[in-house]
Amino acid sequence: MCLMALAPVCARAQENFVANWQARAARTQNEQPHWVTPLATVTPRLEQEFRADFVRQIAPKLTDTWVFDNGKGLELIPADHVELLFNLPTYTEHNSATKDGWGDVSFLGKYRFLARNEQHGNAIITGFIGGSIPTGTYKNGQVNATVSPTLAAGKGYRRMDVQSTLGAQIPVASGEEYGRPISWNTALQYKIGPEKPGPRTPSLWPEVEFNTTYYKGGDHDGKTQNFVTPGVICRFPLHKRLGFVLGVGMQIATTQFHSYNHGLLLSARMPF
């Protein structure tokens, strides 16, 4: 009887928790620009969504490699100015003699330093700290745990925006045999749809990204890899904060050194 009497109280507490959480997320996102998250570049915006990406890589020897989920997962806004990302391990299907298997567990935290929505400057600056744990099977992951500090920024003007990140992947173990790649990613986007900002309006976002990695130490020391990635992202409202986002793009290698020639990117997201 006591438990039955407490049931309505527990239900109201749960409803209040969810309502307060969603109100905080909405308030936080309304303070920042309402752009869409690029295909490869991690956005400086704070998002709350489920996300899964799929990549088909075509290697120089014309072998196809499929990367399932591509290290995406659940993104949450637990506090003002803060986002936490809990990423699932990737699963890589090589279609060659190389063994298929799971990748590393990874995670990411964001702290937003500055946010101006479209009416008050249309800009954002955010810091990231990421990490990975070597849980990959059959050499489908790193040999060491890593930490990845990153600085991200974005600026928009009317329908156009640019989002960029600069960061490094630092192995926890010391030694010159372990690489310390530096990544610089930039996305240029144009919005097709209502100019009035808001995540609940349908919109189409053509974009082009430049994804560059500078290798320091390790097997690829001194080399540079760059991809140009044209793509398009569609965002649709469903109900209240719930939406659906679908994106597709093609990575094109533009440097002499590259781990694969082309990469077809598919991204599905459900913001809430």
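**Salt bridges in the predicted model**

A salt bridge is formed between D80 and R27, whose closest N and O atoms are 3.0 Å apart; the term denotes a side-chain nitrogen of Lys or Arg within 4 Å of a carboxyl oxygen of Asp or Glu. The pair links distant parts of the chain, 53 residues apart: D80 lies in the loop between strand 3 (73-79) and strand 4 (82-87), and R27 in helix 1 (residues 2-30). Helices (H or I, at least four residues) and strands (E, at least two) are DSSP runs, numbered from the N terminus. The model is predicted, with pLDDT of at least 70 required for local features and 80 or more for side-chain atom pairs, whereas totals for chains, interfaces and linings use all residues. Residues are numbered from 1 along each chain as its sequence is written, and side-chain values use heavy atoms, with hydrogens and water left out.

D80 is partly exposed, at a relative accessible area of 35%, and R27 is likewise partly exposed, at 42%. Buried here means under 20% relative accessible area, exposed over 50%, and partly exposed in between (1.4 Å probe, protein chains only).

By the distance rule, six salt bridges are counted. Among them, E83 pairs with K110, the closest N and O atoms being 3.4 Å apart. Because E83 lies in strand 4 and K110 in strand 7 (residues 105-116), this pair ties together parts that are 27 residues apart in sequence. Both E83 and K110 are buried.

A further salt bridge joins R45 to E47, with 2.8 Å between the closest N and O atoms. R45 is buried at 4% relative accessibility, and E47 is buried at 9%.
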